[in-house]
Amino acid sequence: MPLRSTLGRTAAATAVLALTTTGLVALAAAPALATSAHTPASLVEKLTGPDGPNNTWGRWDVKATDLGILWDNGAGQTLAAFGDTFGDAWVGPGGGALGPGDAYWRSNVLLRSGDTNLADGMHFDSAVTGSDGRAREIVPGLHQADGTGEVTKIPTAGIAVGTRQYLSFMSVRHWGAPGQWDTNYARIAYSDDNGVTWSTGGTPTWNNPGFNDHFQMQAFARNGGYVYVYGTPSGRNGSAYVARVPEAQMLTQSAYQYWNGSTWVTNNEAAAVAVVGAPVSELSVRYDSWSGKWLMMYLQGEDIILRTATSPQGPWSGTQVVVSSADYPGLYGGFMHPWSAGGTIYFTMSQWDPYNVYLMKVQINTAGQIVNPNLMGDPSLERGALNGTGTGGFWACTGNCGIDNAHWGYSGDRNAFARYNQGWQDVHQTVPVAANTNYQLTGWLRTSPNSDNGFFGARDTNGVVISEAHFASVGPWTRFVVNFNSGNRTAVAVYGGVWTDHGDIWIQLDDFSVVKA
């Protein structure tokens, strides 16, 4: 979502105002303190912005954006709707942090992907563009001064029925205190040309005169001839409600049926009762045929969590943390990929700093429980502590090395580094594993241009290499993958480092994972 002091943070922050070419907008401060839960999910790829393999900045002037709401268009593509988006003038950190030049603020943009192999990332093939080739707004926001009309239009849900695409969006009136904002209304738009043009005339609208309507932020899920519409009030502190509508009547508001706790009531939103208690925000819901469960992912407080149910109205299970803000500060979203299958759930996660979107993954069993978690402690280096031994979920160093805190990370602010002009330099962590088990280690790294002899891999606790990848000069952030078997070991040391015998050589590393292969 946007230039704001709300999404991406939940504790006190001070907003400042800046006048851009598109109007008066709020710029936000740093994120709140993180929670301490472990993150079972793994980072697969940065999807948008600088350092992202998709090069959305160079291709469509999408340098900074958020959300990434995903749905199957019914014709072999995944459509991805993003929130407030900025171009060349974005400098970060955070949304709406602008420098000189063309900010090209757009309330929303739409990218398309036909990528069916999500294990190594999600490639975008095309975007809805203007005549200049840059991604353009699909549902134009009015960009009026905050609190006086409409600041922006933010997408919250998308789905296809037949060849028609449906998009729900909220009209934001005012970005308030952290975690709070006011909306004018929520509305459904539709497109019959794969998202190029959208119509909103006479479409279902949930007005919000009292700023307490239950369906201002929505999530869509199709099942059994119905589209289920999950809703929350504007802001991050409300409960979740659910309605349904026959697929063929998506544009007939009087056909919507609301769950009142015991039955579906037609055309009576006031009858809706909460199906999940507050706080719920940025919902994503899907029926997972592999597990036979309904899955609900959303932001609760500062973490992305998962609940499951056997029916669309619940009852919903207790919460499972999917991503902790201790590892990814300023996170939000959590929008599931429609092509997730076989117990692997891919989803998009936004981070306020940098103001961009990542593809993540987590695994569940047929009971809907998270399994095979990422075994790394502090996988993104954001907890920012070394303990010298590299045990207990902490990192350690060999040589001249440590943790950067200068907005250089692949995700967030921090990353590991090693740098010197003589000898071996690395960062490492000892990870508990099961004996005689196959694992996959992944991580992102880059080096100085003169790097000529580096290694990334796993070794035993005596320093004997089990498996490793060799690299020389690595330009942009690059994902490395190493597969290994633990043998008779119950712990391995994960490491990345370089020999620095030919000049001043450095390496930066971020976003590690170790999971069963």
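Good morning. Glu282 is buried, with a relative accessible area of 2%; buried means under 20% relative accessible area, exposed over 50%, and partly exposed in between, using a 1.4 Å probe and protein chains only. This is a predicted model, in which local features need pLDDT of at least 70 and side-chain atom pairs count only at pLDDT 80 or more, while totals for chains, interfaces and linings use all residues. Residues are numbered from 1 along each chain as its sequence is written, and side-chain values use heavy atoms, with hydrogens and water left out.

A word on confidence. The protein chain averages a pLDDT of 93, and 93% of the residues score at least 70; pLDDT is the predictor's confidence in each residue, from 0 to 100.

I turn to charged pairs. How many salt bridges does a search of the whole structure find? The search finds 12, a salt bridge being a side-chain nitrogen of Lys or Arg within 4 Å of a carboxyl oxygen of Asp or Glu. One of them joins Glu282 to Arg236, with the closest N and O atoms 3.1 Å apart. Arg236 lies in the loop between β13 (226–232) and β14 (238–246) and Glu282 in strand β17 (residues 276–288), so the pair ties together parts that are 46 residues apart in sequence. Helices (H or I, at least four residues) and strands (E, at least two) are DSSP runs, numbered from the N terminus. Arg236 is buried too, at a relative accessible area of 5%.

Another salt bridge connects Glu382 and Arg414, whose closest N and O atoms are 3.9 Å apart. Here Glu382 counts as buried, at 6% relative accessibility, whereas Arg414 counts as partly exposed, at 25%.

Next come the aromatic rings. The whole structure holds 25 aromatic pairs: rings of Phe, Tyr and Trp (its six-membered ring) pair if their centres lie within 6.5 Å, and planes under 30 degrees apart count as stacked, over 60 as edge-to-face and the rest as tilted. Why is the pair of Tyr228 and Trp294 edge-to-face? The ring centres of Tyr228 and Trp294 are 5.4 Å apart and their planes stand at 75°, so the pair is edge-to-face. Tyr228 lies in strand β13 and Trp294 in strand β18 (residues 293–300), so this pair ties together parts that are 66 residues apart in sequence. Tyr228 counts as buried, at 6% relative accessibility, and Trp294 is buried at 2%. Both residues belong to a cluster linked by ring pairs, together with Tyr226, Trp259, Trp264 and Tyr287. Thank you.
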